[in-house]
Amino acid sequence: MFDLDGTLVDTSAIETWREKRSWHECIRHFHLTRVNPHVHLLLQSIQNKKIGIVTNAPYIYAEPLLKHHGIRYDALISYEKNQKNKPYPDPLFRCAQHMNVHIEHCIYVGNEPTDIAAAKAAGCTSVAYANTYSEVEQLLVYMPHLIIKNFSDLQYTLTEEKHMQKIARECFEQALEEKQKGNSWGYFRYLNEASDHGHGLAQYYLAKVLRKNPHLLYEGKNIRDLLYGAVMKMIPEAVFELGQLFEQENKWRKQNIFIVLLLIWITPQHNIFLQR
């Protein structure tokens, strides 16, 4: 199950009309909207699964938008005036019922806190779509089950998860064995391989190793990306460490803002400076 605006389709270009609820103007400007990257590839790869759309937008807007972009679905649950809408779980329950599936077997993907809240309240798997660091930071506090930065990540998870998880788990277990033997190079090698196969805890451990041994960094490896990779799989240690990092960065920003304001104040011609 998917949210619509901002998740499947980038409708930022018509946001002004959406906020005014000028639905006919929105429809006239659908040519300004675009499907988010890899959405169609994902939907093609899961043709054996039922697709539901749950949106707080009205049907008169949502249905033609989906049709305009050729997005297939089995159920569309839109805004209903006399019903509870997101963040209440009720529309997700209605969607599952329309598709004749149990809600606990469903995944709901959205890009807003209301989407995460609705999914968790409904008891289904909550996947947050966030394609920038700042969006990850904003949605992380709502504790979704998984965060994806693009839909190829979700395609990978849904279509290759079991096979890749097995390889990643075996590599990670081998890494721990090498560490127990005192073979640091073997530990790094298998940890790196497990990380490449998407093992969240391996990504976190690898970030720690590379932080202490920056000479091991090579092209394509980035400590921050590894940490974020672990966070997006909701590895508790990584989430905690990222929280500390945010706190440090916020302190740094506050200190620098204070210094800038102080410099402005003590500058003899601060009035002219402020006017500029």
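Biologist: Hi! What sort of model is this, and how are residues numbered?

Modeller: Residues are numbered from 1 along each chain as its sequence is written, and side-chain values use heavy atoms, with hydrogens and water left out. The model is predicted, so local features need pLDDT of at least 70 and side-chain atom pairs count only at pLDDT 80 or more, while totals for chains, interfaces and linings use all residues.

Biologist: Thanks! How many helices and strands does the protein chain have?

Modeller: There are 13 helices and seven strands. Both are DSSP runs numbered from the N terminus: helices are H or I with at least four residues, strands are E with at least two.

Biologist: And what share of the chain is buried?

Modeller: Of its 276 residues, 42% count as buried. Buried means under 20% relative accessible area, exposed over 50%, and partly exposed in between, with a 1.4 Å probe and protein chains only.

Biologist: Let's look at H6. Which of its residues are buried?

Modeller: In helix H6 (residues 113-122), they are Asp115, Ile116, Ala118, Ala119 and Ala122. They span an arc of only 165° around the axis, which puts them on the same side of H6. That arc is taken from the directions from the helix axis to the C-beta atoms.

Biologist: What covers them?

Modeller: The cover includes helix H5 (90-99), strand S5 (107-110), strand S6 (125-129) and helix H7 (133-140). Just after H6, Gly123 has a positive phi of about 90°.

Biologist: Pick a residue in S6 for me. Is Ser126 buried or exposed?

Modeller: Ser126, which lies in strand S6, is buried, with a relative accessible area of 1%. Leaving aside neighbours within four places in sequence, Ser126 is in contact with Tyr108, Ile116, Ala119, Lys120, Pro144, His145 and Leu146. Contact means heavy atoms within 4.5 Å.

Biologist: Now H5. What does Ala96 touch?

Modeller: Ala96 lies in helix H5 and counts as buried at 3% relative accessibility. Beyond neighbours within four places in sequence, Ala96 is in contact with Met1, Val101, Ile103 and Cys106. The C-alpha atoms of Ala96 and Ala75 are separated by 8.4 Å, with the two residues 21 apart along the chain.

Biologist: New topic: how do H10 and H11 pack?

Modeller: Helix H10 (residues 200-212) and helix H11 (residues 223-232) pack at an angle of about 155°, with axes 8 Å apart. Axes here are lines fitted to C-alpha atoms, for helices over the stretch in contact, and angles run from 0 to 180 degrees between N-to-C directions. H10 and H11 are therefore roughly antiparallel to each other. Angles under 35 degrees count as roughly parallel, over 145 as roughly antiparallel, 65 to 115 as roughly perpendicular and the rest as oblique.

Biologist: Which residues meet there?

Modeller: Gly200, Gln203, Tyr204, Leu206, Ala207, Leu210 and Arg211 in H10 meet Ile223, Leu226, Leu227, Gly229 and Ala230 in H11. By class, that contact of H10 with H11 has eight nonpolar, three polar and one charged residues. Ala, Val, Leu, Ile, Met, Phe, Trp, Tyr, Cys and Pro count as nonpolar, Asp, Glu, Lys and Arg as charged, and the others, Gly among them, as polar.

Biologist: What about H9 against H10?

Modeller: The axes of helix H9 (residues 184-196) and H10 come within 8 Å and cross at roughly 135°, so H9 and H10 are oblique to each other. The contact of H9 with H10 has nine nonpolar, three polar and no charged residues.
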